[in-house]
Amino acid sequence: MPRPTRSGTYEDPAAALAAAAELLAVLDARGQDEVAPAVSPSQLRALLAVESAEGVNLRALGELLGSRPSSVTRLCDRLEAMGLLIRSPHPSRRREVEVRLTPRGRALLDERRAVRVRELSAVLGRMAPAAVDSLVAGLAAFREAAAGPPAGSPHAGAPAPTAPGLSSDPARVADSA
């Protein structure tokens, strides 16, 4: 775990960001017991991926999640049993199965976001307004940089597709899993 120097600052910006990410994970976990049903981080990632690519097929969902088809099928089995998503045949490609959120799945994600905003708002309320402004500007720059391809990749300079859970809308920045 990155450790601060004696002055309380980090020598490396990446270490400071890693420490902030750890704190965000702790803040994100607060109050989530209020949200039912409880979902695991991998289930949450799947719900967020389905939300960002509504009607995705199982193969593409597996690619988004970096999971094997059998793992994605079992994950979808559990989420469907919880009433959070539904699988249905594609309207024109009979062998293909689409995955969509149910109203209950959407409500769960909305509730999780509301809890997250409440927890983060409490922390931001204890910060100086100028510090909040700087943080928002820094996060906007970070999101923009994160949306691009990695340095040195053949696609450097071209915009990359947004990963599931990343959003340019600050109110919609999703959980990391």
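Biologist: What percentage of the 177 residues in the protein is buried?

Modeller: The model is a predicted one. A residue counts as buried when its relative accessible area is under 20%. Of the 177 residues in the protein, the share that is buried is 29%.

Biologist: Which pattern of helices and strands does the protein follow along the sequence?

Modeller: The protein holds six helices and three strands. Read along the sequence, they follow the pattern α-α-β-α-α-β-β-α-α.

Biologist: Which element gives the largest share of the largest nonpolar core?

Modeller: This core has 24 residues, and V39, L47, L61, L79, L84, L108 and L109 touch the most other members. Two or more residues each come from α2 (41–52), α3 (58–65), α4 (69–81), β3 (97–101) and α5 (103–124). The largest share, six residues, is given by α2.

Biologist: Which residues does L109 touch, not counting residues up to four places away in sequence?

Modeller: L109 is among the core members that touch the most others. In soluble globular proteins, nonpolar side chains tend to be buried together. With residues up to four places away in sequence not counted, L109 touches L44, L47, L48, E51 and L101.

Biologist: How does L135 count: buried, partly exposed or exposed?

Modeller: L135 is found in helix α6 (residues 129–147). Together with L124, M127 and L139, L135 makes a nonpolar surface patch of about 280 Å². Because its relative accessibility is 36%, L135 counts as partly exposed.

Biologist: With the side chain of which residue does the side chain of E96 make a polar contact?

Modeller: E96 lies in the loop between β2 (85–89) and β3. Leaving aside neighbours within four places in sequence, E96 is in contact with N57, S88, P89 and H90. The polar contact between side chains, at 3.3 Å, joins E96 to N57.

Biologist: Is the peptide bond from A36 to P37 cis or trans?

Modeller: P37 is found in the loop between α1 (13–29) and α2. Most peptide bonds are trans. The bond from A36 to P37 has omega near 0°, and is cis.

Biologist: What percentage of the accessible surface belongs to carbon and sulfur atoms?

Modeller: The accessible surface of the protein comes to about 11,300 Å². Of this surface, the part that belongs to carbon and sulfur atoms is 60%.

Note on methods:
Residues numbered from 1 in each chain as written. Predicted model: local features only at pLDDT ≥ 70, side-chain atom pairs only at ≥ 80, totals over all residues. Heavy atoms only, no water. Patch = residues over 30% accessible without salt bridge, like charges linked within 9 Å, V, L, I, M, F, W, Y side chains within 5 Å. Areas by Shrake-Rupley, 256 points an atom, 1.4 Å probe, with all protein chains shown as cover. Salt bridge = Lys/Arg side-chain N within 4 Å of Asp/Glu carboxyl O. Helix = DSSP H or I, 4+ residues; strand = E, 2+ residues; numbered from the N terminus. Buried < 20%, exposed > 50% of the residue type's maximum accessible area, 1.4 Å probe, protein only. Core = buried A, V, L, I, M, F, W, Y, C linked by side-chain atoms within 4.5 Å. Contact = heavy atoms within 4.5 Å. Polar contact = N/O pair within 3.5 Å; in protein donor to acceptor, adjacent residues only side chain to side chain.
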